[in-house]
Amino acid sequence: MPDIASNIISLKQQIPSYVRLVTVSKTKPVDNILAAYNTGHKIFGENRVQELLSKKDLLPADIEWHLIGHLQSNKVKYIVPFISMIESVDTFSLLNIINSEALKINRRIDCLLQFHIASEETKYGFSMNEVIEMTGSAEFRQLKLVRLCGVMGMATFTDNSEQIRKEFRYLNGCFKELKTRIFAEEPSFSEVSMGMSGDYKIALEEGSTIVRIGSIIFGERK
Ligand SMILES: *Cc1c(COP(=O)(O)O)cnc(C)c1O
């Protein structure tokens, strides 16, 4: 087992204090998560609901869970009672369902809008046009229990750092435009979640406020 505690401590020393680290624990067992938690770290990210649910009950209740993977609408109800942030909201209909489930228990859910910024076809997410259209609709203004806190994106999986930089810069540009045009009166709209193990340094240079990092803390996933 890698030295998770020292990995997380040294990573935090490289990240500015205004940036939050989401420790991505997908595929990793609960004892690995506890090793990170015992350094005082509280924010963890999982990409699959089933896996998140099975781990959560075995771990301290004050962990702040971020969902970072594609969320199926029929699974929303399982995470709404406890999730700290849903970073991977990728359609208007999903946002609507999150709001309906939130209404049932009267709990406000913090969400990020996931943008499609990579060149790969497979990655989920909004385009800027879709977000502009959504936020301009009357239906959108009815959503009382989802709080949009910013944007999230994943760069192309490539060694080409200039391409990665361009994609992150584009995402931060989308954030700034939305902030000015749509969310100027909403201080909570403030997050740009970008940067993983391979590209977080570029992401930080391009204005990231949340990095989501797994492998360099826990070791490679099998
Ligand atoms: C797996 C994953 C990460 C972390 O990836 P690492 O390369 O292990 O740091 C970050 N964000 C998302 C959305 C992921 O699915």
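A: A crossing of two helices is left-handed if the near helix is turned anticlockwise from the far one by less than a right angle, and right-handed if clockwise. The model is a predicted one, in which local features need pLDDT of at least 70 and side-chain atom pairs count only at pLDDT 80 or more, while totals for chains, interfaces and linings use all residues. Residues are numbered from 1 along each chain as its sequence is written, and side-chain values use heavy atoms, with hydrogens and water left out.

Q: Which hand does the crossing of α1 and α2 have?
A: The crossing of α1 and α2 is right-handed, where the names belong to DSSP runs numbered from the N terminus (helices are H or I, at least four residues; strands are E, at least two).

Q: Which residues of α1 and α2 meet?
A: From α1, Ile4, Ala5 and Ile8 meet Asn32, Ala35 and Ala36 of α2, contact being heavy atoms within 4.5 Å. By class, this contact has 5 nonpolar residues, 1 polar and no charged (Ala, Val, Leu, Ile, Met, Phe, Trp, Tyr, Cys and Pro count as nonpolar, Asp, Glu, Lys and Arg as charged, and the others, Gly among them, as polar).

Q: Why are α6 and α8 called roughly parallel to each other?
A: The axes of α6 (residues 128–135) and α8 (residues 161–181) come within 11 Å and cross at roughly 20°, and α6 and α8 are therefore roughly parallel to each other. The crossing in which α6 passes α8 is right-handed. On the α6 side the contact is made by Met128, Val131 and Ile132, and on the α8 side by Tyr170, Cys174, Glu177, Leu178 and Arg181. The contact of α6 with α8 divides into 6 nonpolar, no polar and 2 charged residues.

Q: What is the phi of Thr27, and where does Thr27 lie?
A: Phi of Thr27 is near 70°, which is a positive value in a residue other than glycine, and Thr27 lies in the loop between β1 (20–24) and α2.

Q: What is the phi of Asn106?
A: For Asn106 phi is near 50°, again a positive value in a residue other than glycine, and Asn106 has its place in the loop between α5 (92–105) and β5 (109–115).

Note on methods
Axes fitted to C-alpha atoms, helices over the stretch in contact; angles between N-to-C directions. Parallel < 35°, antiparallel > 145°, perpendicular 65-115°, else oblique.
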